[in-house]
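Please read the model below from its overall layout down to single residues. The paragraphs after it keep to that order.

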Amino acid sequence: MKTINKHNILLAFLLIVLAAGCKKESLTSDIISEPVLYVRGNIDGDTLVFVAGLNSITSSTYNIEVDTFRYFNFQFEKKDNWGIPRLEIRFNNYKSPFSDLKTDMENTFKIQNYLYTEPGYPSNNPYQFSRVTITYIDSLSYIFDSRNSYHDLGNFEIYKMEYVSTKQKKNYLKIYIHFNCILNSSKTFIELSNAEAVIAFEY
């Protein structure tokens, strides 16, 4: 039987504090049923699939503002099981201080390759603008994160974007992604490979 270590407990606590203490606006808890959104790939050889609207999987999108920084977040979670398993994709805004939402989205989301967020403060980009973080919580509540010393072994590419409107008359930027990375949970590493996702942010 696995035991959740102190690193996971601390990380879980920090995630709760961040979510509770930061201002959310515009995209807060906006559950999207359409367009079809999903992520699929392999974790250490096992299939990973989240499809919004199937098998109690929901998707939500929101942004978080902390001081002068903005983060764009998209997550998939199993709603009928205390939100686990869960996978979150977070984009750091392209600059600080942040500006109006539309300008920030236009400059943060582009068809290009992205670097993953590193531990600490790299000298060439100490605030890590326009970088990406993947967080995965498995069915046993173990928390895995892409912010580790193996960040340069992965890749993350937005290869297509389009603007769409839903039947609820909401407008979204729909983003198509290919990615892979190493996810770390203190002493344990897992590989997320051959992953692709379609996510969306309201504008």
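Predicted model: local features only at pLDDT ≥ 70, side-chain atom pairs only at ≥ 80, totals over all residues.

Residues are numbered from 1 along each chain as its sequence is written, and side-chain values use heavy atoms, with hydrogens and water left out.

The protein chain contains two helices and twelve strands, where helices (H or I, at least four residues) and strands (E, at least two) are DSSP runs numbered from the N terminus. Along the sequence these elements come in the pattern α-β-β-β-β-β-β-α-β-β-β-β-β-β. Of the 203 residues in the protein chain, 47% are buried; here buried means under 20% relative accessible area, exposed over 50%, and partly exposed in between, with a 1.4 Å probe and protein chains only. Among contacts (heavy atoms within 4.5 Å) between residues at least 6 apart in sequence, 60% join residues at least 24 apart.

Helix H2, residues 101-108, includes aspartate 104. In H2, the residues Leu101, Asp104, Met105 and Thr108 are buried. They cover an arc of only 100 degrees around the axis, which puts them on the same side of H2; the arc is that of the directions from the helix axis to the C-beta atoms. As background, an α-helix has 3.6 residues a turn, so residues three or four places apart point the same way.

Aspartate 104 itself has a relative accessible area of 0% and is therefore buried. Not counting residues up to four places away in sequence, aspartate 104 touches Arg70, Phe72, Asn93, Tyr94, Phe98 and Ser99. Glutamate 106 is also placed in helix H2, but with a relative accessible area of 40% glutamate 106 is partly exposed. The C-alpha atoms of glutamate 106 and tyrosine 203 are separated by 9.9 Å, although these residues are 97 residues apart along the chain.

A search of the whole structure finds one cavity of 30 Å³ or more, a cavity being, on a 1 Å grid over the protein atoms alone, a set of points where a 1.4 Å probe fits but cannot get out, with lining residues having an atom within 4 Å of a point. The largest cavity has a volume of about 40 Å³, where grid points are joined across faces, edges and corners and the volume is the space filled by probe spheres set on the points. By class, the lining divides into four nonpolar, no polar and two charged residues, if Ala, Val, Leu, Ile, Met, Phe, Trp, Tyr, Cys and Pro count as nonpolar, Asp, Glu, Lys and Arg as charged, and the others, Gly among them, as polar.

In soluble globular proteins, nonpolar side chains tend to be buried together. The largest nonpolar core here has 43 residues, and those with the most contacts inside it are Phe91, Ile134 and Phe156; such a core is a set of buried Ala, Val, Leu, Ile, Met, Phe, Trp, Tyr and Cys residues joined through side-chain atoms within 4.5 Å. Leaving aside neighbours within four places in sequence, phenylalanine 156 is in contact with residues including Ile89, Phe91, Tyr114, Ile134, Ile177 and Phe179.

Isoleucine 175 is found in strand E11, residues 171-185, and counts as buried at 0% relative accessibility. Apart from residues up to four places away in sequence, isoleucine 175 touches Phe109, Ile158, Lys160, Met161, Ala197, Val198, Ile199 and Phe201.

The loops hold some local backbone features. A cis peptide bond, with omega about 0 degrees, joins serine 96 and proline 97, and proline 97 is found in the loop between strand E6 (86-92) and H2. Aspartate 44, in the loop between strand E2 (38-43) and strand E3 (46-51), has phi near 50 degrees, a positive value in a residue other than glycine, and counts as partly exposed at 49% relative accessibility. Asparagine 55 has phi near 55 degrees, likewise a positive value in a residue other than glycine; asparagine 55 counts as exposed at 63% relative accessibility.

Conventions:
1 Å grid on protein atoms, 1.4 Å probe; cavity = no way out; pocket = protein on both sides within 12 Å on 5 of 7 lines; lining within 4 Å.
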